[in-house]
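Dear colleague,

Please find below the structure for your review. My findings follow directly after it.

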Amino acid sequence: GGSRLDGRVAAVSGGTRGIGRAIAEAFLDEGASVVINGRSPEKGAAALAEMNGGDRVAFWPGSVADQVVAEGLVDHAVETYGQIDILVCNAGGVRDTAPVVDMSDEERQYELNLNLNHTFWATPRGQDEFLPSLQSKERWPSPTSPVMRRTSMGSTGSSSRWLEKLG
């Protein structure tokens, strides 16, 4: 593995499979400790075993469509590794495929919570941990810059920007 992320801690929602898993594995390969999240404890246990990261990888169970779980992902990273430097809000999808006009209010709210709100719940939870450490490094943008806002939101496309900045 690499060492570009030695001493860094990442949290990845939807990290037990697919794109989230690949992001988590890339961070792990580059030396970071990683907390992955997913709805299934069984898939979480399997992912931990397959990733073979030892004590550098942990699992936080639950659906980030629930605010307590989304915030808990960040809290778990800090409790487990003492900090959080990278947050990737990757979880998303649809539970029931139907035209928006046919969705119940409950289903529409679930989709918003999973695909949008979990980012807004998790990011502020982690900002006290990762923004001060980022601001202390001259090479990092200010938290009000467009680059920082995009990156701190943890979109999947931002992962490469994180790696470039950590260079």
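Helix α1 passes helix α2 in a right-handed crossing, meaning that the near helix is turned clockwise from the far one by less than a right angle. This is a predicted model, in which local features need pLDDT of at least 70 and side-chain atom pairs count only at pLDDT 80 or more, while totals for chains, interfaces and linings use all residues. Residues are numbered from 1 along each chain as its sequence is written, and side-chain values use heavy atoms, without hydrogens and water.

The axes of α1 (residues 18-29) and α2 (residues 41-51) come within 12 Å and cross at roughly 35°; they are lines fitted to C-alpha atoms over the stretch in contact, with angles running from 0 to 180 degrees between N-to-C directions. Arg 21, Ala 24, Glu 25 and Leu 28 of α1 meet Ala 47, Glu 50 and Met 51 of α2 (contact: heavy atoms within 4.5 Å).

Overall, the protein has six helices and four strands (DSSP runs: H or I of at least four residues, E of at least two, numbered from the N terminus). Their order along the sequence is β-α-β-α-β-α-β-α-α-α. Of the 167 residues, 48% are buried. Leu 112, located in helix α4 (residues 105-135), counts as partly exposed because its relative accessibility is 39% (buried is under 20% relative accessible area, exposed over 50%, partly exposed in between, with a 1.4 Å probe and protein chains only).

Kind regards
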